[in-house]
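Work through the exercises below with the sequence and the model open side by side. Each task is followed by a solution in steps.

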Protein chains: 2
Amino acid sequence: MKQTPWLALSIDRKVNTPVFEQICAALRERMIAGDLAQGSKLPPTRVFATELGVSRSTIVTAYEQLVAEGYLSSQQGSGYTVCALGEVELSKAPATPKTPSEAEPPSRPRPFASSQPDMRLFPHRQWAKCVARVCRSDPQALLAGGSDLGNWDLRCAISGHLSEWRGIKAAPHQIFVTAGSTDALEICLRALADKDDVIGLETPGYPPMRQFAKAHGLQVHDLPIDDHGAQVPPRSARLKLAVLTPSHQYPLGGAMTPNRRQDFLQWARKTDAWIIEDDYDSEFRYAGRPIPAMAGFDQLQRTIYVGSFSKVFSNTLRLGYVVVPENLIDRFRQTLHLFGIKASAMPQQALADFMTSGEFYRHIRRVRRTYGERRRFLLDSLKRDFAEFGHVFDHQAGMQVIFHLKPGFSDTDIAQRAQAVGVDILPLSGFAAGPSDDNGLMLGFCGFSIDEMQPSLVALQGCFDDGSV
Amino acid sequence: MKQTPWLALSIDRKVNTPVFEQICAALRERMIAGDLAQGSKLPPTRVFATELGVSRSTIVTAYEQLVAEGYLSSQQGSGYTVCALGEVELSKAPATPKTPSEAEPPSRPRPFASSQPDMRLFPHRQWAKCVARVCRSDPQALLAGGSDLGNWDLRCAISGHLSEWRGIKAAPHQIFVTAGSTDALEICLRALADKDDVIGLETPGYPPMRQFAKAHGLQVHDLPIDDHGAQVPPRSARLKLAVLTPSHQYPLGGAMTPNRRQDFLQWARKTDAWIIEDDYDSEFRYAGRPIPAMAGFDQLQRTIYVGSFSKVFSNTLRLGYVVVPENLIDRFRQTLHLFGIKASAMPQQALADFMTSGEFYRHIRRVRRTYGERRRFLLDSLKRDFAEFGHVFDHQAGMQVIFHLKPGFSDTDIAQRAQAVGVDILPLSGFAAGPSDDNGLMLGFCGFSIDEMQPSLVALQGCFDDGSV
């Protein structure tokens, strides 16, 4: 570490950051903090170089970089001067806290929060390289790339993905990019159902769907789950659509049987209803072959397919998609324009590149292996140490397991005790439309290492010790 | 222009781009095109400098910049070498169509489409640099940076922006980042109103708001606009909230008078109603001082402030924000989690950096100057060549003007004729809640150069020739 008295700037030659970048960063910081006021002159390159013990060209590089960034201006013969930071003086910024206040709780999930990918496994470096490549080679693609319905390359990549992974043949223009799958599901409801229409929702099911239905003034017809999957509604129920999770029922796990799928498709054709297939986590199967999508069976005749990158890739990019039959394209496009498009263009080109380069699939394979180990550990622990309290079915898929409780234990009660000792568990009964016999605990395993799960399992055992009712 | 035979690189000293940046750009292009293959050596700095007739330090600056960007590597004594462009080969893409099919109409707007920034003026290069810098310096910030309610640096930058530009003192934890202002407005409705509640909407007003209200099963109480702005509703109307555009009424233009603002705030306090201030384009004022926000008057007691980056920056990033009173923070946070967060984390750190570096404000100044010239041209043309058909009020603000028609012309009729000849104009009467006396044309001027507007104005005149009823 060298210290120069003037500007007290320190250079660390052991880190990877080039020296000129370290100098840039330090000067930038001083200017933003207001230590280097507008109009003040920077030391001459030769003097500064000697002071810091670096070559003069390093200083020139740093200064020129800051000129390009708009921090400094240079005039032939008169050296480098600090520019105004915009017409607004940023030094007068209000005394805002520099770190999230206590009002903002940290968002790191605790075991056994469900449906959360482990973002610590995210390939940050490869992703950043991919994004940087878009920045260099095609800056405009950061903000566009096709239409406002989605970057064209991404829609082509999704088309390829669906063909390879889900058995769905969809042309790119049938695919609309959305701000995640909740946005996609909402667009489906808006495009296909009006106030007071009846829609079918699985019970137990995904609670936000009921929330949407309520917020949109829709009537809900419950579709209870039996051993074959959701039950087909009677024709008399006059449903406009049914939202299903055939590949992996949420929250119970398990796939809809082929016969039940056929029954549902027949029902949709006969009643002119739509099936919305919410295929939220089909990439995570730990054994056997992938379960083909229902939209693939049907070749998108009466089915609309909703996919998401939130679970398989990143939950903060907020990207999903909806795949619609040819004859619904115009209706969905109008709905998207009427209610406003919410998907950011910014990640789309990079994601398309990430998919076509294969890096995306390497990532899926990598996390699936890790999630598989975590799942194995959790299932073994539950079978070994919790057998007296209940049991699990092993569906070989997904991001969470349901631990079904024996009579005598209440899932809401155990979940509450668990929350009190810092263990994040949801009661299965909370996913039902109304009063239900479901009595189980949802345990997510993807977001946590075995070392993180272990103490939580010990704490959970404590919740059972005094938890029989 | 100097040409060097080797690499055929040309330098233009008359443009504003620094010489070192021109050299960087040219080399970058050759490397992406594959003309400079991986592993090939660049000419020694001294030789290249002589060839180009520039100083050696300019060449060093350019080379070092490319090292920092990952294009070149440098080794003591062995000069600069071209790196592999990523560890991934991009050539294995599937054989999907490479261009949008005819099913996907191009989205370039035609004159006089309104509310559209001209993305050709967007500082793509600076933005890409800013994003690339995040990729290099903090790859994790591409996907996070605080909580799911918004990147903390961005919320701090917005807090500073609101204080300087809008007179609003809001702490970062009061600010939630949303997927644009439509998302923000929807979150407000969901957080503050239930099915069958009554809300106040301006008429004429923003049509999607009526659409949301309908989709959410809300009752609408119309707030007609007079010379002072929207009219205060009677207490008996029992509104839960009113959505207002006080800085610049949409679509008429014009600011709400200070007295009317006070009346509205008093109404809100007395009836326990909320005011949602939709401040959609306040950055675009072409004369005088900015109109302070109503939320600044009230210091966020009964007002919720909605802002957007779509008009002032880019309509494809899909970023906006909502600023809420302290006592609504928990309610908004719950609503956001219940209905799902839709704002992508990806652009947030870069936007924060763009704002704090001042580049954002330089961009606003630049486009405002251009938009001002376009606006001047359109107003002058309308006053000079269209006086027999109607008149404009000059509100010195916004992204569109309203041309009020004389009796004898019908706005829907003229707009329809205009659409038929490729001129994109909206009839003012379409913004009203029901039948109305409004009779005018909305002409957006931001998205089009004077050269592009000229033929459209000629075509528009033709629509009047046979357009009296």
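A helix here is a DSSP run of H or I with at least four residues, a strand is a run of E with at least two, and both are numbered from the N terminus. The model is predicted.

**Exercise 1. A helix and its ends**

Task: Compare the span of helix H5 of chain A with the expected value, find what caps its N-terminal end, and state what follows the helix.

Solution: Begin with the length. H5(A) covers residues 152-166, which makes 15 residues. From the first C-alpha to the last it reaches 20 Å, close to the 21 Å expected at 1.5 Å a residue.

Next, take the N-terminal end. Asn151(A) is the cap: one of its side-chain oxygens lies 2.8 Å from the backbone nitrogen of Asp153(A).

Then go to the other end. Gly167(A) follows the helix, and its phi is positive, near 65 degrees.

Finally, consider the surroundings. Buried means under 20% relative accessible area. Of the 15 residues of H5(A), 11 are buried, so the helix is largely enclosed by the rest of the structure. Among them are Trp152(A), Arg155(A), His161(A) and Arg166(A).

**Exercise 2. A strand and its two partners**

Task: Which strands of chain B pair with S14(B), and in which sense?

Solution: Start with strand S7 of chain B, residues 175-178. S7(B) runs antiparallel to S14(B), and 4 bridges join the two. In this pairing, Thr178(B) is opposite Gly320(B).

Continue with strand S13 of chain B, residues 303-308. S13(B) is also antiparallel to S14(B), over 4 bridges. Here Gly307(B) is opposite Tyr321(B).

Last, look at the faces of S14(B), residues 320-323. Gly320(B) and Val322(B) point to one side, Tyr321(B) and Val323(B) to the other, and all four are buried, which leaves both faces covered.

**Exercise 3. The nonpolar core**

Task: Which residues have the most contacts inside the largest nonpolar core, and what does Trp127(A) touch?

Solution: The largest nonpolar core has 150 residues, and those with the most contacts inside it are Trp127(A) and Trp127(B).

List the neighbours of Trp127(A) by chain, not counting residues up to four places away in sequence. From chain A they are Phe122(A), Phe313(A), Leu317(A), Pro347(A), Ala350(A), Leu351(A) and Phe354(A). From chain B they are Leu142(B), Leu143(B) and Met346(B).

**Exercise 4. Salt bridges**

Solution: The whole structure holds 32 salt bridges over all chains.

Asp222(A) belongs to strand S9 and Arg210(A) to helix H7, 12 residues apart. Asp222(A) counts as partly exposed because its relative accessibility is 35%.

Glu452(B) is in helix H14 of chain B and Arg120(B) in the loop between strand S4 and helix H4 of chain B, so the pair ties together parts 332 residues apart in sequence. Glu452(B) is partly exposed at 27% relative accessibility, as is Arg120(B) at 45%.

Arg333(B) counts as buried at 16% relative accessibility, whereas Asp330(B), at 47%, is partly exposed.

**Exercise 5. Backbone angles**

Solution: Pro251(A) is in the loop between strand S11 and helix H8 of chain A.

Now turn to phi. With 28% relative accessible area, Gln396(B) is partly exposed.

Note on methods. Residues are numbered from 1 along each chain as its sequence is written. Chains are lettered from A and ligands numbered from 1 in the order in which they are written. This is a predicted model: local features need pLDDT of at least 70, side-chain atom pairs count only at pLDDT 80 or more; totals for chains, interfaces and linings use all residues. Side-chain values use heavy atoms; hydrogens and water are left out. The expected span of a helix is 1.5 Å times one less than its number of residues. Buried means under 20% relative accessible area, exposed over 50%, partly exposed in between (1.4 Å probe, protein chains only). A polar contact is a pair of N or O atoms within 3.5 Å; within protein, one must be able to donate a hydrogen and the other to accept it, and residues adjacent in sequence count only if both atoms are side-chain atoms. Two strands pair if DSSP finds at least two bridges between them. A nonpolar core is a set of buried Ala, Val, Leu, Ile, Met, Phe, Trp, Tyr and Cys residues joined through side-chain atoms within 4.5 Å. Contact means heavy atoms within 4.5 Å. A salt bridge is a side-chain nitrogen of Lys or Arg within 4 Å of a carboxyl oxygen of Asp or Glu.
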